[in-house]
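Here is a short report on two sites in one structure. It takes up a pocket, then a ligand site.

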Amino acid sequence: MIVIKIGGSEGINYDLIADDLAALVKEGQPLVLVHGGSALTNQVAEQLGHPPKFVTSVSGYSSRRTDRRTLEIFEMVYCGQMNKGLVERLQRRGVNAIGLSGLDGQLWQGPRKDAIKIVENGKRLVLRDDYTGKVERVNSKLLLGLLDMGLLPVLTPPAVSYEGEAINVDGDRAAAATAAALQAETLIILSNVPGLLAKFPDESTLIRHIPAANIDQFMSVAEDRMKKKVMGAQEALAQGIGRVVFADGRVAHPIHRALAGEGTVIGK
Ligand code: ADP
């Protein structure tokens, strides 16, 4: 089993990814996909007059401010254009994909953060109307059932809280939880960079291999958005996933390349 997270940043080539996915499916490789949609969400939010806001937690992590309106826009883009765009690309290539959000069938369940402590202009603030949280439980029975029926699951945030609310969750970490629940051999995280760069944005400084035991040392190399991926990788490895590969989602055959060890391989 391979779990593949497809990023939502600018430059990712969804057609080339779909070509490669169709080839893997023909080879008989069981797959589950998770995708993002941040760049398009930012664009649509601007167009709808509710521009994106990012907040920084007291521990230094940045995340999307998700008020109720943002959650609605987030769902339009992630569950709408991004999810259906990928499902259509796969259907066009003869792959029977099925798109689901983490809300559907309690696929991804977890706690909603009841209060978010942030720092804004040097001041500490507490937000209580934010719809964010994290994935603690994965409905692997549902996923295995879909795979058994010959369907390729294409998963997207939001997740569902224990109270049944839609919650924005980090896609990389949701993919890590999914890989762990399915005991996947490999988690591939495709983005618009060749992998983890020692000196971002210099692509010649690609870090090719990180032994699982050393991952902590690399946390400081990654800036905010990449930090979530490193955290996801760490969580996946801690739960028994053999390896995590950060790879380039802009090139031809991105998944075959990642499987061949191109990118940043974390693990054994
Ligand atoms: P996606 O939406 O594709 O999952 P993100 O935008 O969340 O991707 O994260 C990828 C981004 O992380 C890159 O485009 C880059 O701007 C940023 N980044 C920060 N630090 C690093 C680093 N050390 N190596 C690679 N990318 C980094």
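## The second largest pocket

In this predicted model, the second largest pocket has a volume of about 240 Å³. Its lining is made up of 14 residues. G8, Y14, L40, Q81 and M82 are the ones closest to the pocket centre.

Two elements each give two or more residues to this lining: helix 2 (38-47) and helix 3 (68-92). Helix 3 supplies the largest share, 5 residues. By class, the lining of the second largest pocket holds 6 nonpolar, 6 polar and 2 charged residues.

## The shell around the ligand

The ligand is surrounded by 19 residues. S9, N192, L197, R225 and K229 are the closest. Helix 6 (residues 224-238) gives the largest share of this shell, 3 residues.

By class, the shell around the ligand counts 8 nonpolar, 7 polar and 4 charged residues.

## Polar contacts and cover

For N192, a side-chain N or O atom is 2.6 Å from a ligand oxygen. For S191, a side-chain N or O atom is 2.9 Å from a ligand oxygen.

V221 uses its backbone instead: one of its backbone N or O atoms lies 3.3 Å from a nitrogen atom of the ligand. On its own, the ligand has 570 Å² of accessible area, and the protein covers 90% of this.

Terms used. Residues numbered from 1 in each chain as written. Predicted model: local features only at pLDDT ≥ 70, side-chain atom pairs only at ≥ 80, totals over all residues. Heavy atoms only, no water. 1 Å grid on protein atoms, 1.4 Å probe; cavity = no way out; pocket = protein on both sides within 12 Å on 5 of 7 lines; lining within 4 Å. Points joined across faces, edges and corners; volume = space filled by probe spheres on them. Helix = DSSP H or I, 4+ residues; strand = E, 2+ residues; numbered from the N terminus. Nonpolar A, V, L, I, M, F, W, Y, C, P; charged D, E, K, R; others polar. Near = heavy atom within 4 Å. Polar contact = N/O pair within 3.5 Å; in protein donor to acceptor, adjacent residues only side chain to side chain. Areas by Shrake-Rupley, 256 points an atom, 1.4 Å probe, with all protein chains shown as cover.
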